[in-house]
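Please walk me through this structure.

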Amino acid sequence: MDSTFKVLESDMELLAAALSEVEVKVAVKDGDEELADLGGPIRAFTPNAVRIRGLSYSRKLYEFRVRLPGR
């Protein structure tokens, strides 16, 4: 199965994902491996961090991905 993702970068993209409660995957920037945590809906975000499942991830170190529909 071919997985195509959109990387959420702006506050507006993160807000839209949080409001729609979509599954968000967390990946290390500049790396191909996703974290062991399967991700989940965004519960909160700040200019510096995103909280998913009670864990906070630095926006400088991690990227946040959503699967594109129909792909």
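Met-12, Leu-15 and Leu-19 form a nonpolar patch on the surface. Together they have about 350 Å² of accessible area. Patches are made of residues with over 30% relative accessible area and no salt bridge, with like charges joined within 9 Å and nonpolar side chains (Val, Leu, Ile, Met, Phe, Trp, Tyr) within 5 Å. A salt bridge is a side-chain nitrogen of Lys or Arg within 4 Å of a carboxyl oxygen of Asp or Glu. Accessible areas come from the Shrake-Rupley method with a 1.4 Å probe, and for residues only the protein chains shown count as cover. Leu-19 is found in helix 1. Leu-19 counts as exposed because its relative accessibility is 66%. The cut-offs are under 20% relative accessible area for buried, over 50% for exposed, and partly exposed in between (1.4 Å probe, protein chains only).

This is a predicted model: local features need pLDDT of at least 70, side-chain atom pairs count only at pLDDT 80 or more, and totals for chains, interfaces and linings use all residues. Residues are numbered from 1 along each chain as its sequence is written, and side-chain values use heavy atoms, leaving out hydrogens and water.

Now the overall layout. The chain has one helix and six strands. Along the sequence they follow the pattern β-α-β-β-β-β-β. Helices (H or I, at least four residues) and strands (E, at least two) are DSSP runs, numbered from the N terminus. Of the 71 residues, 28% count as buried.

Next, the interior. In soluble globular proteins, nonpolar side chains tend to be buried together. Here the largest nonpolar core has twelve residues, among them Leu-8, Leu-14, Ile-42, Val-50, Tyr-57 and Phe-64. Helix 1 (11–20), strand 4 (49–52) and strand 6 (62–67) each supply at least two core residues. Helix 1 gives the largest share, three residues. A nonpolar core is a set of buried Ala, Val, Leu, Ile, Met, Phe, Trp, Tyr and Cys residues joined through side-chain atoms within 4.5 Å.

What does Leu-14 contact, leaving aside its neighbours within four places in sequence? Its partners are Leu-8, Ile-42, Phe-45, Val-50, Arg-59 and Phe-64. Contact means heavy atoms within 4.5 Å.

Last, the rings. The count comes to one aromatic pair. Rings of Phe, Tyr and Trp (its six-membered ring) pair if their centres lie within 6.5 Å; planes under 30 degrees apart count as stacked, over 60 as edge-to-face and the rest as tilted. Tyr-57 is buried, at 6% relative accessibility. Tyr-62 is partly exposed, at 22%.
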